[in-house]
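Here's a quick look at the pockets in this one. Have the viewer open while you read.

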Amino acid sequence: MLSIKNLHASIDGKEILKGINLEIKVGEVHAIMGPNGSGKSTLAAVLAGRSEYDVTEGEIIYNGENLLELEAEDRAREGVFLAFQYPIEIPGVSNINFLKTAIGEIRAYKGLDPMKAKDFLMMLKEKQKLVEIDRALVSRSINEGFSGGEKKRNEIFQMAMLEPKLSILDETDSGLDIDALRIVANGVNKLKSKENATIIITHYQRLLDYIIPDFVHILHNGKIVKSGLKELALELEEKGYDFIKEEVEA
Amino acid sequence: METVIKTSTIKDKLIFEFETSKLFLFGNTQLRDQAMESFYKQGIPTRKHEAYKYIRVDLMLKGEFDFSTNKNCSDAQIEPLKFLKDAYVVVIENGIFVEGLSNLQNLPEGLTICSLVDAEKSNSPVFEKHYAQYADVKTDPFIALNTAMTKDGVFIHIAKNAIIEKPIHIIHISTAFKNTIIHPRNLIVIDENAQAKIIESFETMDSTAKIFSNALTEIVVDKHAIVDHYKIQDEKELGYLVNTTQVIQQKQSVFSTHTFTLSGSLVRNNLTVVLDDEHIESHLNGLYLTAKNQVVDNHTVVDHRKPNCNSNELYKGIIDGKSIATFNGKIFVREDAQKTNAFQSNKNILLSEAGTINTKPQLEIYADDVKCSHGSTTGKLDEAKIFYLRARGIGIINAKKLLMHAFASEVVNTIKIEALREYVEEKISKTFE
Ligand SMILES: Nc1ncnc2c1ncn2[C@@H]1O[C@H](COP(=O)(O)OP(=O)(O)O)[C@@H](O)[C@H]1O
Ligand SMILES: [Mg+2]
């Protein structure tokens with residue numbers, strides 16, 4: 001589904017990603033872990049199509065297509081979804097109108113008929129339940145006045161509504177209490193299927209107790225320095241990031 | 001005589017027109033003569049006039065202009081402009097009240113609507129008491145010109161304690177086949193404890209020539225009255241509008257006004273609200289969407305003369321193309337006006353490199369125990385917000401439109417008449433196309 005080869009990316013002339021290689025197949029869950037500043041959000045932003053980043057080398061193939069040639073909106077329409085680490089507030093645009101517009105455009109892109117209002121409302125209800133988000137929040141402007149946890153939950157709600165193929169969750173667990181974490185993880189697990197794939201970016205192993213990854217990668221200084229099975233996350237938790245640094249620098 | 005007219009300036013032409021037609025105009029010649037004299041002293045403002053330096057009305061008024069006021073509109077043409085289905089509708093075509101196009105059947109008790117000419121003819125004491133008492137000819141050349149040259153308009157009176165549920169919709173429609181100057185004038189008096197909702201819309205139709213409308217409305221809001229006032233300006237490319245609105249408020253009254261400027265080559269709004277007694281509340285909201293070569297200039301004055309009043313002003317603009325938008329908001333707090341709360345905010349989004357926004361708040365405070373604040377911002381659409389929307393599959397054009405709607409919604413949501421809000425929202429959507 002996704003093949004990243006020797007990806008180098010920089011911002012304002014400063015190189016952040018220094019040769020990333022990553023292969024993800026449908027049905028898989030990959031966890032990317034790493035210390036602050038290692039480039040996790042940069043990788044997520046490059047995948048989502050943020051134009052401030054310059055890709056200086058390498059390629060990203062997504063379902064046979066060169067992802068880097070697609071505009072951000074077309075990537076979303078092709079099923080790429082980024083749950084932002086810091087979701088922003090957009091006063092004056094209601095969540096419902098936003099989702100209606102997004103679904104409308106995605107369906108038009110795929111050559112599908114517009115969704116019926118009734119079906120949209122049913123879907124809205126169903127997904128609200130799935131991710132246990134308050135109805136009152138959904139009827140408000142995007143993230144306006146939401147708590148940190150509510151914003152994160154709204155990201156997962158949008159993911160549920162848009163039914164992406166490749167979901168990238170950028171530190172969706174940070175700032176969540178244990179109940180919220182369980183709900184979010186539960187939502188992600190329910191949305192997981194054989195047809196889609198998930199990248200979970202986190203720097204705690206906590207979330208991985210709830211969402212079991214197939215693979216764990218450790219990002220350090222713009223490179224994946226170690227990959228392994230889910231046990232790697234536990235090892236990392238136990239020994240801390242310093243052991244990686246020592247290993248890499250050795 | 002012939003040659004004088006051809007080579008003379010617009011000022012001379014206006015004076016000549018006045019002298020030859022004043023015997024046929026309604027009302028008191030002395031008032032008109034004084035007004036004309038005042039116009040003569042002030043002249044058409046040029047870029048040397050501080051208050052008009054960003055809007056070159058003088059350049060627009062070059063060339064030949066006609067002063068006749070023909071009636072061209074049919075019922076069928078007016079119908080689509082009557083966007084409020086449940087309203088009392090007044091149609092003013094090229095400055096003249098047209099009963100035949102209006103819908104004024106079954107007016108409720110306490111509501112009088114008639115032409116200015118008829119109000120004057122009938123010696124209405126309310127008309128006589130208030131007509132031309134508030135907009136001061138010495139303060140502005142267009143007030144002077146309108147006072148001297150107006151031919152007609154509407155007189156609306158809401159009697160004491162009358163609560164008029166349905167909105168009153170005044171449609172100003174201009175049609176011209178030759179460049180034309182008109183001076184419509186309205187007087188609206190809301191008596192003690194009465195309530196009304198008044199909408200003034202400005203449209204042009206079927207024109208093949210420029211039409212310059214120097215429109216003036218005086219609004220008297222008596223004690224305890226509650227008035228909700230709207231202006232929807234959508235005059236398209238051939239419309240040039242100077243629109244003066246002069247409001248006087250009495251004790252414990254509430255007046256809200258909303259100015260939406262959606263199109264028009266040149267629009268100048270002079271809005272003055274005088275808070276002439278205690279415990280008054282005033283709300284001034286405005287939204288201007290400018291593009292191409294449009295010039296839109298909002299000058300507002302909030303004049304706090306007595307203690308314990310509140311005023312709140314919010315103007316927002318989206319500026320595109322080579323358009324020039326100006327906001328100039330003056331707040332006076334007179335020596336007497338202790339415990340005044342006066343707030344003003346002007347926010348702008350500049351979509352293009354070539355667009356210009358001039359924003360100038362002016363606070364003149366002569367009382368010491370007051371709370372006043374003002375602020376103005378100009379920025380671009382937020383890139384982070386655009387990206388967030390695009391990351392969900394919304395194309396860049398729609399993403400920007402959503403954000404523009406969001407920006408405008410703060411003003412649009414102050415519209416209390418639902419049908420009007422929907423109409424304005426639809427108009428805004430069209431403007432963003
Ligand atoms: N706009 C920017 N300009 C310069 N450096 C940046 C910018 N954004 C991020 N960085 C730097 O890139 C590095 C990686 O950041 P990020 O991808 O956010 O890391 P992570 O998500 O792993 O904590 C950090 O050193 C950060 O300071
Ligand atoms: Mg990060």
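Domain bounds here come from an automatic or database domain assignment. On that basis, domain 1 (2–277) and domain 2 (382–433) of chain B each give at least three residues to the lining of the second largest pocket. A pocket is an open set of points on a 1 Å grid over the protein atoms alone, where a 1.4 Å probe fits, with protein on both sides within 12 Å along at least five of seven lines; lining residues have an atom within 4 Å of a point.

Keep in mind that this is a predicted model: local features need pLDDT of at least 70, side-chain atom pairs count only at pLDDT 80 or more, and totals for chains, interfaces and linings use all residues. Residues are numbered from 1 along each chain as its sequence is written, chains are lettered from A and ligands numbered from 1 in the order written, and side-chain values use heavy atoms, leaving out hydrogens and water.

Volume is the space filled by probe spheres set on the points, which are joined across faces, edges and corners.

| Largest | about 800 Å³ | 38 residues |

In the largest pocket, T139(B), T272(B), H299(B), V301(B) and K330(B) are the lining residues closest to the centre. Elements giving two or more residues to this lining include α8 (141–149) and β13 (266–275) of chain B; helices (H or I, at least four residues) and strands (E, at least two) are DSSP runs, numbered from the N terminus.
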